[in-house]
Amino acid sequence: MIVLGLESSCDETAAALVDGDRRILADEILSQLDDHRPYGGIVPEIAARAHLDHMDGIVARALDRAGVGLAEIDGVAATGGPGLIGGVMVGMMTAKAIALAAGKPLVAVNHLEGHALTARLTDGLDFPYLLLLVSGGHCQLLIVEGVGRYVRLGTTIDDAVGEAFDKAAKLLGLGYPGGPEIERAAAAGDPARFDLPRPMKGRPGSDFSFSGLKTALRRARETLPAPGLNDTVRADLAAGFQAAVADALTDRTANAIDAFLDRHPPAAGEPRHLVVAGGVAANRFLRARLEALAAGRGLAFAAPPPRLCTDNGAMIAWAGLERLRLGLTDGLDFAPRPRWPLDAPKMAAPKVAVQ
Ligand code: KG4
Ligand code: ZN
């Protein structure tokens, strides 16, 4: 089975082909970072236009790389939401046109399900596993019990963790996207120099909060003694911020591990997995902390390679393939969804575009 997958819900125009043996036949991606960088964040209208300009070419390139014609694919998948609606519409319309022209089934994939199932593509994991999904738009702990079957244990009550990284980077005068910039700056910094809060730490449950940490970082920056913000201070603040995020994430995840093992006690000889996915999972410091947490609790750890942690087409193609194998296809009347919680039944999502 071969599935073509399209991703366009944020600032990456991507198309990929995967097969049922977990092979990535092609994985084309065009980042719009340079278009958005001057604005310090993603501008939805610029993103939508760029997707429109490039999606056709990216799809053609992916098919070419894979050496596969449309007649040979078994289905076409595209991100159906959640995300910036203009971009999602471009991807869905392209996928619908291909499905119609080639006479292939269409699968509308929840972008979060793409991130959630990536560990099955990269590591061949069985259900169930515990997932920490950390990206620019999302911060959730979920038990992944099957395709379309998710139990949400916690979510952010304010900012997503990637968003917090991006805002922190802006405060420190670092570039966009902020995550990689903070990670780079933090490598040379002293995480203990500034006393930053660990939001939600010690509280029951698995919800997250990052706005207090951002405020504390701003205050620390504003009250710096002379000479103010230089490279050393910047590195120390970045390291302090990253360490605080790591403490918050591991504390919340520890509680989720309890809930997960309660619901799914490990069978003899079969380790349960903690999986980290989403753009922030590219961070090596955070990965190491989470891996240590998992090891301490007798869990195996899996994290897709960084390229498959950030937005990409392969995760959408793979989620599409998993759905297609179960006969879960969508009609050509599927309406893109700006909001689409992963644990909501598919039919319950709104059909109209609301921002
Ligand atoms: O999954 P993703 O590519 O897009 C969304 O669906 O949001 O995630 C992008 C987010 C950005 O906020 C970016 O700053 C963050 O992931 N990110 C990182 C790192 N690389 C990307 N955050 C921390 N450390 C990194 N190395
Ligand atoms: Zn994403």
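Visitor: How far does a polar side-chain atom of Ser-135 lie from an oxygen atom of ligand 1?
Guide: Welcome! This is a predicted model, where local features need pLDDT of at least 70, side-chain atom pairs count only at pLDDT 80 or more, and totals for chains, interfaces and linings use all residues; side-chain values use heavy atoms, without hydrogens and water. Residues are numbered from 1 along each chain as its sequence is written, while chains are lettered from A and ligands numbered from 1 in the order in which they are written. Polar contacts are pairs of N or O atoms within 3.5 Å, and for Ser-135 the distance is 3.4 Å.

Visitor: A backbone N or O atom of which residue lies 3.1 Å from an oxygen atom of ligand 1?
Guide: The backbone of Gly-137 also has an N or O atom by a ligand oxygen, at 3.2 Å. The residue with the 3.1 Å distance is Asp-311.

Visitor: How much of the accessible area of ligand 1 does the protein cover?
Guide: Accessible areas come from the Shrake-Rupley method with a 1.4 Å probe. On its own, ligand 1 has 550 Å² of such area, and the protein covers 89%.

Visitor: Where does the largest share of the shell around ligand 1 come from?
Guide: There are 21 residues around the ligand, and Glu-183 is one of those that come nearest; "near" means a heavy atom within 4 Å. Helices are DSSP runs (H or I, at least four residues), and strands are E runs of at least two. Helices α4 (111-123), α5 (161-171) and α6 (178-186) each supply at least two shell residues. The largest share, 4 residues, belongs to α6.

Visitor: How many residues of the shell around ligand 1 are charged?
Guide: Asp, Glu, Lys and Arg count as charged, and Gly is among the polar ones. The shell has 6 nonpolar and 12 polar residues, and its charged residues number 3.

Visitor: Where does Pro-128 lie?
Guide: The peptide bond from Phe-127 to Pro-128 is cis, with omega near -10°. Pro-128 is found in the loop between α4 and β6 (129-134).

How values were computed
Polar contact = N/O pair within 3.5 Å; in protein donor to acceptor, adjacent residues only side chain to side chain.
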